[in-house]
Amino acid sequence: MMIQVSGKKTEVENGITVMQLMEQQKVETPQYVTVAVNNAFLPMDCYECFSLKEGDAVEFLYFMGGGCDGAEQ
Amino acid sequence: MALSSEQLERYSRHIILKEVGLRGQKKLLNAKVLIIGAGGLGSPAAMYLAAAGVGTIGIADADEVDLSNLQRQILHGNADVGKPKVDSAKETMAALNPDVQVITHHLFVNAENIMDLIEPYDFILDGTDNFAAKFLINDACVLAGKPFCHAGIIRFHGQLMTYVPGKGPCYRCVFRQPPPKNAVPTCREAGVIGAMAGVIGCMQALEAVKYIVGVGDLLIGRLLTFDALDMEAHVIQLPDNPDCPVCGAHPTILQPFDEGVVECDLK
Ligand SMILES: [Zn+2]
(Lines give C-alpha, C1' and ligand atoms only; values in the text may rest on other atoms or scores of the structure.)
Protein backbone atom coordinates (compact mmCIF):
# COMPACT_ATOMS: atom_id res chain seq x y z
CA MET A 1 0.00 0.00 0.00
CA MET A 2 1.04 3.59 -0.44
CA ILE A 3 1.49 5.96 2.50
CA GLN A 4 3.23 9.30 2.98
CA VAL A 5 6.32 9.36 5.16
CA SER A 6 7.71 12.83 5.92
CA GLY A 7 5.77 14.14 2.93
CA LYS A 8 7.12 11.51 0.52
CA LYS A 9 5.06 8.74 -1.11
CA THR A 10 6.34 5.45 0.22
CA GLU A 11 5.33 1.87 -0.67
CA VAL A 12 4.98 -0.31 2.43
CA GLU A 13 3.48 -3.68 3.31
CA ASN A 14 -0.21 -3.75 4.18
CA GLY A 15 -0.89 -3.29 7.89
CA ILE A 16 2.67 -2.23 8.76
CA THR A 17 2.92 -0.90 12.31
CA VAL A 18 4.49 2.43 13.16
CA MET A 19 7.37 0.66 14.90
CA GLN A 20 8.02 -1.54 11.86
CA LEU A 21 7.99 1.54 9.66
CA MET A 22 10.49 3.23 11.99
CA GLU A 23 12.78 0.21 11.70
CA GLN A 24 12.49 0.21 7.90
CA GLN A 25 13.22 3.93 7.78
CA LYS A 26 16.19 3.43 10.12
CA VAL A 27 14.79 5.91 12.62
CA GLU A 28 17.34 6.35 15.41
CA THR A 29 16.19 6.01 19.04
CA PRO A 30 12.50 5.51 18.11
CA GLN A 31 11.44 5.70 21.74
CA TYR A 32 12.46 9.39 21.73
CA VAL A 33 10.80 10.28 18.45
CA THR A 34 7.38 11.93 18.42
CA VAL A 35 5.10 10.47 15.75
CA ALA A 36 2.14 12.17 14.12
CA VAL A 37 -0.28 10.21 11.93
CA ASN A 38 -2.73 12.21 9.84
CA ASN A 39 -1.93 15.34 11.85
CA ALA A 40 -2.54 13.80 15.28
CA PHE A 41 0.15 12.83 17.79
CA LEU A 42 0.35 9.09 18.39
CA PRO A 43 0.84 8.07 22.04
CA MET A 44 4.23 6.45 22.49
CA ASP A 45 2.77 3.17 23.78
CA CYS A 46 0.93 2.76 20.44
CA TYR A 47 4.01 2.58 18.20
CA GLU A 48 4.14 -1.23 18.40
CA CYS A 49 0.45 -1.91 17.87
CA PHE A 50 -0.73 0.93 15.63
CA SER A 51 -1.22 -0.37 12.09
CA LEU A 52 -1.10 2.10 9.24
CA LYS A 53 -3.72 2.30 6.51
CA GLU A 54 -3.50 3.14 2.82
CA GLY A 55 -2.96 6.87 2.35
CA ASP A 56 -1.91 7.60 5.95
CA ALA A 57 0.49 10.52 6.40
CA VAL A 58 3.23 9.80 8.93
CA GLU A 59 5.63 12.37 10.35
CA PHE A 60 8.62 11.75 12.61
CA LEU A 61 9.60 14.62 14.91
CA TYR A 62 13.13 14.30 16.24
CA PHE A 63 14.80 15.82 19.26
CA MET A 64 17.43 18.26 18.04
CA GLY A 65 19.66 20.09 20.47
CA GLY A 66 22.72 21.70 19.03
CA GLY A 67 23.09 25.41 19.02
CA CYS A 68 25.55 26.87 21.43
CA ASP A 69 27.53 23.75 22.34
CA GLY A 70 28.78 25.25 25.52
CA ALA A 71 29.64 23.74 28.86
CA GLU A 72 27.24 21.89 31.08
CA GLN A 73 24.15 23.61 32.46
CA MET B 1 11.11 59.11 15.90
CA ALA B 2 12.65 60.24 12.65
CA LEU B 3 15.47 58.29 11.07
CA SER B 4 18.75 60.11 10.50
CA SER B 5 20.06 60.38 6.95
CA GLU B 6 22.67 57.80 7.86
CA GLN B 7 19.96 55.41 9.06
CA LEU B 8 17.92 56.00 5.92
CA GLU B 9 20.92 54.93 3.91
CA ARG B 10 21.91 52.04 6.17
CA TYR B 11 18.41 50.52 6.12
CA SER B 12 17.49 51.52 2.56
CA ARG B 13 17.19 47.90 1.37
CA HIS B 14 14.70 47.24 4.16
CA ILE B 15 12.79 50.47 3.68
CA ILE B 16 12.33 49.80 -0.02
CA LEU B 17 10.55 46.51 0.78
CA LYS B 18 6.81 47.12 0.79
CA GLU B 19 6.48 44.60 3.64
CA VAL B 20 8.92 46.56 5.82
CA GLY B 21 9.08 50.21 4.80
CA LEU B 22 9.88 53.06 7.14
CA ARG B 23 7.21 51.86 9.55
CA GLY B 24 8.72 48.39 9.79
CA GLN B 25 12.24 49.73 10.19
CA LYS B 26 11.09 51.94 13.07
CA LYS B 27 9.48 48.89 14.67
CA LEU B 28 12.80 47.07 14.39
CA LEU B 29 14.68 49.99 15.93
CA ASN B 30 12.23 49.99 18.86
CA ALA B 31 12.26 46.20 19.32
CA LYS B 32 13.95 44.17 22.04
CA VAL B 33 15.08 40.65 21.19
CA LEU B 34 16.79 38.21 23.55
CA ILE B 35 19.09 35.53 22.18
CA ILE B 36 19.80 32.71 24.62
CA GLY B 37 23.05 31.03 23.61
CA ALA B 38 25.84 32.89 21.79
CA GLY B 39 26.82 29.80 19.83
CA GLY B 40 26.13 28.21 16.47
CA LEU B 41 22.52 29.37 16.15
CA GLY B 42 22.86 32.56 18.17
CA SER B 43 25.82 33.78 16.08
CA PRO B 44 24.13 34.33 12.70
CA ALA B 45 20.88 35.34 14.38
CA ALA B 46 22.63 38.00 16.47
CA MET B 47 24.62 39.34 13.52
CA TYR B 48 21.64 39.65 11.17
CA LEU B 49 19.44 41.16 13.87
CA ALA B 50 22.16 43.67 14.73
CA ALA B 51 22.67 44.52 11.07
CA ALA B 52 18.89 44.84 10.68
CA GLY B 53 18.84 47.51 13.36
CA VAL B 54 16.94 45.69 16.09
CA GLY B 55 17.32 48.42 18.70
CA THR B 56 18.01 46.28 21.75
CA ILE B 57 19.55 42.83 21.61
CA GLY B 58 20.09 40.82 24.76
CA ILE B 59 22.58 37.97 24.60
CA ALA B 60 22.74 35.34 27.34
CA ASP B 61 25.51 32.80 27.73
CA ALA B 62 27.75 31.69 30.59
CA ASP B 63 30.53 30.22 28.48
CA GLU B 64 33.89 31.30 27.20
CA VAL B 65 34.91 30.93 23.57
CA ASP B 66 36.61 27.63 22.82
CA LEU B 67 38.70 26.81 19.76
CA SER B 68 36.21 24.06 18.78
CA ASN B 69 33.45 26.70 18.63
CA LEU B 70 35.00 28.63 15.75
CA GLN B 71 34.00 26.11 13.05
CA ARG B 72 30.45 27.55 13.18
CA GLN B 73 30.09 30.22 15.89
CA ILE B 74 30.85 33.17 13.67
CA LEU B 75 30.27 35.82 16.33
CA HIS B 76 33.68 34.82 17.67
CA GLY B 77 37.11 34.89 16.12
CA ASN B 78 40.55 33.49 16.83
CA ALA B 79 41.45 36.37 19.13
CA ASP B 80 38.35 35.73 21.26
CA VAL B 81 39.30 32.26 22.49
CA GLY B 82 39.02 32.27 26.27
CA LYS B 83 36.87 35.40 26.36
CA PRO B 84 33.28 35.31 27.65
CA LYS B 85 31.07 34.63 24.64
CA VAL B 86 28.73 37.47 25.56
CA ASP B 87 31.62 39.97 25.45
CA SER B 88 32.85 38.72 22.11
CA ALA B 89 29.24 38.77 20.83
CA LYS B 90 28.77 42.36 21.97
CA GLU B 91 31.96 43.50 20.23
CA THR B 92 30.94 41.86 16.96
CA MET B 93 27.43 43.34 17.03
CA ALA B 94 28.67 46.79 18.05
CA ALA B 95 31.14 46.74 15.15
CA LEU B 96 28.33 45.86 12.74
CA ASN B 97 25.90 48.56 13.80
CA PRO B 98 26.26 51.36 16.35
CA ASP B 99 22.45 51.79 16.42
CA VAL B 100 22.11 48.61 18.45
CA GLN B 101 22.21 48.51 22.21
CA VAL B 102 23.60 45.13 23.24
CA ILE B 103 22.82 43.90 26.74
CA THR B 104 24.99 41.03 27.93
CA HIS B 105 23.72 38.42 30.38
CA HIS B 106 26.72 36.37 31.49
CA LEU B 107 24.78 33.48 33.00
CA PHE B 108 23.25 30.08 32.45
CA VAL B 109 19.49 30.28 32.31
CA ASN B 110 17.80 28.48 35.15
CA ALA B 111 14.41 28.41 36.85
CA GLU B 112 15.54 31.13 39.26
CA ASN B 113 16.60 33.72 36.72
CA ILE B 114 14.63 33.05 33.55
CA MET B 115 11.44 34.97 34.28
CA ASP B 116 13.37 38.17 35.11
CA LEU B 117 15.68 37.57 32.15
CA ILE B 118 12.95 37.37 29.49
CA GLU B 119 10.62 39.97 31.00
CA PRO B 120 11.95 43.09 29.17
CA TYR B 121 12.05 41.44 25.74
CA ASP B 122 9.51 41.28 22.89
CA PHE B 123 10.78 38.09 21.27
CA ILE B 124 13.16 35.35 22.37
CA LEU B 125 15.41 33.08 20.31
CA ASP B 126 16.39 29.71 21.74
CA GLY B 127 19.93 29.03 20.58
CA THR B 128 20.80 26.64 23.40
CA ASP B 129 22.33 23.22 23.01
CA ASN B 130 20.64 21.17 25.70
CA PHE B 131 17.13 19.99 26.26
CA ALA B 132 16.82 21.10 29.88
CA ALA B 133 17.34 24.69 28.72
CA LYS B 134 15.02 24.25 25.73
CA PHE B 135 12.16 23.04 27.92
CA LEU B 136 12.89 25.73 30.50
CA ILE B 137 12.79 28.47 27.84
CA ASN B 138 9.56 27.02 26.46
CA ASP B 139 7.85 26.83 29.84
CA ALA B 140 8.97 30.31 30.87
CA CYS B 141 7.82 31.85 27.58
CA VAL B 142 4.44 30.11 27.82
CA LEU B 143 4.01 31.23 31.45
CA ALA B 144 5.14 34.80 30.74
CA GLY B 145 3.18 35.02 27.48
CA LYS B 146 6.29 35.68 25.39
CA PRO B 147 6.75 34.59 21.77
CA PHE B 148 9.88 32.60 21.00
CA CYS B 149 11.52 30.60 18.25
CA HIS B 150 12.95 27.17 19.00
CA ALA B 151 15.68 25.68 16.86
CA GLY B 152 17.95 22.66 16.89
CA ILE B 153 20.69 21.30 14.66
CA ILE B 154 22.66 18.10 14.35
CA ARG B 155 24.84 16.59 11.61
CA PHE B 156 23.23 17.80 8.35
CA HIS B 157 19.80 18.38 9.89
CA GLY B 158 18.06 21.36 11.41
CA GLN B 159 14.61 22.23 12.70
CA LEU B 160 12.73 25.25 13.99
CA MET B 161 9.29 26.29 15.17
CA THR B 162 7.79 29.45 16.61
CA TYR B 163 5.51 29.79 19.58
CA VAL B 164 3.20 32.78 19.90
CA PRO B 165 0.94 32.81 22.98
CA GLY B 166 -2.57 31.65 22.24
CA LYS B 167 -1.81 31.05 18.56
CA GLY B 168 -0.54 27.47 18.48
CA PRO B 169 1.24 24.60 20.18
CA CYS B 170 4.38 24.99 22.27
CA TYR B 171 7.61 22.97 22.21
CA ARG B 172 6.38 20.81 25.09
CA CYS B 173 3.15 20.03 23.20
CA VAL B 174 5.30 18.24 20.64
CA PHE B 175 8.22 16.85 22.62
CA ARG B 176 6.61 16.31 26.07
CA GLN B 177 9.79 16.05 28.19
CA PRO B 178 13.56 15.99 27.74
CA PRO B 179 15.10 12.67 26.75
CA PRO B 180 17.35 11.05 29.36
CA LYS B 181 20.97 12.12 29.36
CA ASN B 182 22.90 10.70 26.38
CA ALA B 183 19.74 9.04 24.99
CA VAL B 184 19.87 11.06 21.77
CA PRO B 185 23.04 12.11 19.98
CA THR B 186 24.39 15.61 20.50
CA CYS B 187 26.43 17.86 18.23
CA ARG B 188 29.40 17.22 20.48
CA GLU B 189 29.22 13.49 19.82
CA ALA B 190 27.62 13.36 16.38
CA GLY B 191 28.98 16.57 14.85
CA VAL B 192 27.26 19.30 12.90
CA ILE B 193 28.04 20.96 9.61
CA GLY B 194 28.94 24.57 10.38
CA ALA B 195 26.78 26.17 7.72
CA MET B 196 23.72 24.36 9.12
CA ALA B 197 23.95 26.66 12.14
CA GLY B 198 23.99 29.54 9.68
CA VAL B 199 20.91 28.34 7.79
CA ILE B 200 18.79 27.65 10.85
CA GLY B 201 20.04 30.61 12.92
CA CYS B 202 19.23 32.92 10.00
CA MET B 203 15.74 31.43 9.82
CA GLN B 204 15.33 32.25 13.52
CA ALA B 205 16.36 35.82 12.77
CA LEU B 206 13.78 35.89 9.95
CA GLU B 207 11.06 34.74 12.32
CA ALA B 208 12.00 37.49 14.81
CA VAL B 209 12.02 40.16 12.10
CA LYS B 210 8.67 38.98 10.70
CA TYR B 211 7.13 38.97 14.17
CA ILE B 212 8.38 42.50 14.92
CA VAL B 213 7.41 43.96 11.56
CA GLY B 214 4.16 41.99 11.52
CA VAL B 215 4.39 40.37 8.10
CA GLY B 216 4.09 36.89 6.66
CA ASP B 217 3.26 33.59 8.29
CA LEU B 218 5.35 32.54 11.23
CA LEU B 219 6.15 28.89 11.95
CA ILE B 220 3.26 28.75 14.40
CA GLY B 221 1.90 25.22 14.62
CA ARG B 222 4.51 24.12 12.09
CA LEU B 223 7.92 22.52 12.49
CA LEU B 224 10.27 23.26 9.62
CA THR B 225 12.95 20.65 9.07
CA PHE B 226 15.87 21.08 6.74
CA ASP B 227 18.13 18.34 5.43
CA ALA B 228 21.31 19.64 3.84
CA LEU B 229 22.37 16.33 2.27
CA ASP B 230 19.37 16.11 -0.04
CA MET B 231 18.79 19.88 0.19
CA GLU B 232 15.14 19.49 1.14
CA ALA B 233 13.00 21.49 3.50
CA HIS B 234 9.84 19.95 4.90
CA VAL B 235 7.14 21.57 7.00
CA ILE B 236 5.28 19.38 9.48
CA GLN B 237 1.88 20.61 10.65
CA LEU B 238 1.75 20.39 14.43
CA PRO B 239 -1.50 19.26 16.02
CA ASP B 240 -2.76 21.06 19.10
CA ASN B 241 -2.17 19.19 22.33
CA PRO B 242 -4.92 20.02 24.85
CA ASP B 243 -3.15 17.73 27.36
CA CYS B 244 0.07 19.79 27.29
CA PRO B 245 1.20 20.22 30.91
CA VAL B 246 2.20 23.86 30.39
CA CYS B 247 -0.08 25.35 27.71
CA GLY B 248 -2.95 22.85 27.74
CA ALA B 249 -6.45 23.11 29.21
CA HIS B 250 -5.41 21.90 32.67
CA PRO B 251 -1.76 22.88 33.13
CA THR B 252 0.29 21.24 35.86
CA ILE B 253 3.43 23.33 35.24
CA LEU B 254 2.64 26.64 36.90
CA GLN B 255 6.17 27.98 37.29
CA PRO B 256 9.48 27.30 35.56
CA PHE B 257 11.54 24.42 36.91
CA ASP B 258 14.94 22.94 36.14
CA GLU B 259 14.67 19.56 34.46
CA GLY B 260 16.68 16.92 36.30
CA VAL B 261 18.25 15.50 33.19
CA VAL B 262 20.84 17.21 31.10
CA GLU B 263 21.36 16.27 27.47
CA CYS B 264 24.77 17.76 26.91
CA ASP B 265 27.51 15.57 28.29
CA LEU B 266 30.67 17.41 29.23
CA LYS B 267 33.71 15.31 28.70
ZN1 LIG C 1 2.13 23.16 25.00
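In which strand of chain B does B:Asp126 lie? In this predicted model, B:Asp126 is placed in strand E4 of chain B, which covers residues 123-126. B:Asp126 has a relative accessible area of 1% and is therefore buried, the cut-off for this class being under 20%. Apart from neighbours within four places in sequence, the residues in contact with B:Asp126 are B:Ile36, B:Leu41, B:Lys134, B:Ile137, B:Phe148, B:Cys149, B:His150, B:Ala151 and B:Gln204.

Helix H4 of chain B spans residues 42-52. H4(B) is largely enclosed by the rest of the structure, because nine of its 11 residues are buried. These buried residues are B:Gly42, B:Ser43, B:Pro44, B:Ala45, B:Ala46, B:Met47, B:Leu49, B:Ala50 and B:Ala52. Just after H4(B), B:Gly53 adopts a positive phi of about 85 degrees.

H4(B) packs against helix H10 of chain B (residues 194-213), with the axes 7 Å apart and at an angle of about 40 degrees. The two helices, H4(B) and H10(B), are therefore oblique to each other, and the crossing is right-handed. H4(B) contributes B:Pro44, B:Ala45, B:Tyr48 and B:Leu49 to the contact, while H10(B) contributes B:Ala197, B:Gly198, B:Gly201, B:Cys202, B:Ala205, B:Ala208 and B:Val209. Sorted by class, the contact of H4(B) with H10(B) comprises nine nonpolar and two polar residues, with no charged residues. Among the H4(B) residues in this contact, B:Pro44, B:Ala45 and B:Leu49 are listed as buried.

H10(B) also meets helix H3 of chain B (residues 21-30), the axes coming within 9 Å and crossing at roughly 110 degrees. At this angle, H3(B) is roughly perpendicular to H10(B). The crossing of H3(B) and H10(B) is right-handed. On the H3(B) side the contact is formed by B:Gly24, B:Lys27 and B:Leu28, and on the H10(B) side by B:Val209, B:Ile212 and B:Val213. Four residues of the contact of H3(B) with H10(B) are nonpolar, one is polar and one is charged. B:Val209 of H10(B) takes part in the contact with H4(B) and also in the contact with H3(B).

Elsewhere in chain B, B:Ala94 belongs to helix H5 (residues 85-96). B:Ala94 is partly exposed, at a relative accessible area of 41%. The separation between B:Ala94 and B:Leu206 is 112 residues in sequence and 20 Å in space, taken from C-alpha to C-alpha.

In chain A, A:Thr34 is located in strand E3, residues 34-37. A:Thr34 counts as buried because its relative accessibility is 3%. The A:Thr34 side chain reaches the backbone oxygen of B:Val174 at 2.9 Å. Not counting residues up to four places away in sequence, A:Thr34 touches A:Phe41, A:Tyr47, A:Glu59, A:Phe60 and A:Leu61 of chain A, together with B:Val174, B:Phe175 and B:Arg176 of chain B.

Most residues other than glycine have a negative phi. A:Lys26 has a positive phi, near 55 degrees, and lies in the loop between helix H1 (18-24) and E3 of chain A. With a relative accessibility of 71%, A:Lys26 counts as exposed. A:Asn39, in the loop between E3 and strand E4 (40-41) of chain A, likewise has a positive phi, near 60 degrees. A:Asn39 counts as partly exposed, at 47% relative accessibility.

How values were computed. Residues are numbered from 1 along each chain as its sequence is written. Chains are lettered from A and ligands numbered from 1 in the order in which they are written. This is a predicted model: local features need pLDDT of at least 70, side-chain atom pairs count only at pLDDT 80 or more; totals for chains, interfaces and linings use all residues. Side-chain values use heavy atoms; hydrogens and water are left out. Helices (H or I, at least four residues) and strands (E, at least two) are DSSP runs, numbered from the N terminus. Buried means under 20% relative accessible area, exposed over 50%, partly exposed in between (1.4 Å probe, protein chains only). A polar contact is a pair of N or O atoms within 3.5 Å; within protein, one must be able to donate a hydrogen and the other to accept it, and residues adjacent in sequence count only if both atoms are side-chain atoms. Contact means heavy atoms within 4.5 Å. Axes are lines fitted to C-alpha atoms, for helices over the stretch in contact, and angles run from 0 to 180 degrees between N-to-C directions. Angles under 35 degrees count as roughly parallel, over 145 as roughly antiparallel, 65 to 115 as roughly perpendicular and the rest as oblique. A crossing is left-handed if the near helix is turned anticlockwise from the far one by less than a right angle, and right-handed if clockwise. Ala, Val, Leu, Ile, Met, Phe, Trp, Tyr, Cys and Pro count as nonpolar, Asp, Glu, Lys and Arg as charged, and the others, Gly among them, as polar.
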